[in-house]
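Biologist: I'm new to this one. Can you put it up and walk me through it?

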Amino acid sequence: MSTKILIVEDSPTQAARLKHLLQQNNFEVLVAGRATEALDTARQQRPDLMISDVNMPEMDGFELCRRVRLDPQLRELAILLLTGLSDPEDIIR
């Protein structure tokens, strides 16, 4: 059984590039274009890892992390945030 990874990325181009890279390395990949969609997908598909963009409309990656940690079904899910932000406050957040 391969590791299942959920990509949360509002840019279809970026999502496709990351999905392709991960699939080349034998990961099972799910994609959500919005954070709310990602929460639903995570509950239904139970990924091993969520990789999320920080800057997204509706709900940013930080809020998505907070909601995952508050959800009893998801709180153990590993999350990796990707960002171009470099301000120390953003990194600490």
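Modeller: First, a term: helices (H or I, at least four residues) and strands (E, at least two) are DSSP runs, numbered from the N terminus. This is a predicted model, where local features need pLDDT of at least 70, side-chain atom pairs count only at pLDDT 80 or more, and totals for chains, interfaces and linings use all residues. Residues are numbered from 1 along each chain as its sequence is written, and side-chain values use heavy atoms, with hydrogens and water left out.

Biologist: Where is Thr41 found?

Modeller: Thr41 sits in helix H2 (residues 35-45).

Biologist: Does Thr41 count as buried or exposed, and why?

Modeller: Buried means under 20% relative accessible area, exposed over 50%, partly exposed in between (1.4 Å probe, protein chains only). Thr41 has 15% relative accessibility, so Thr41 counts as buried.

Biologist: What is Thr41 in contact with, leaving aside neighbours within four places in sequence?

Modeller: Leu6, Leu30 and Arg46. Contact means heavy atoms within 4.5 Å.

Biologist: Let's zoom out. What pattern does the protein follow along the sequence?

Modeller: The pattern is β-α-β-α-β-α-β-α. That comes from 4 helices and 4 strands.

Biologist: How much of the protein is buried?

Modeller: Of its 93 residues, 35% are buried.

Biologist: Now helix H1. Which residues are buried there?

Modeller: Ala15, Leu18 and Leu22 are buried in H1. They cover an arc of only 70 degrees around the axis, so they lie on the same side of H1. The arc is that of the directions from the helix axis to the C-beta atoms.

Biologist: And which residues are exposed on the other side of H1?

Modeller: Pro12, Thr13, Arg17 and Gln24.

Biologist: What do the buried residues of H1 pack against?

Modeller: Four strands are involved: E1 (4-8), E2 (28-32), E3 (49-53) and E4 (78-82).

Biologist: What follows H1?

Modeller: Asn26 does, and its phi is positive, near 65 degrees.

Biologist: Switching to strands. How many bridges join E3 to E4?

Modeller: There are 5 bridges, and E3 and E4 run parallel. Two strands pair if DSSP finds at least two bridges between them. Met50 has Ile79 in E4 as its bridge partner. From E3 the chain crosses through helix H3 (residues 61-70) to E4, in a right-handed β-α-β crossover. Right-handed means that, with the strands pointing away from the viewer, the path from the first strand over the helix to the second runs clockwise.
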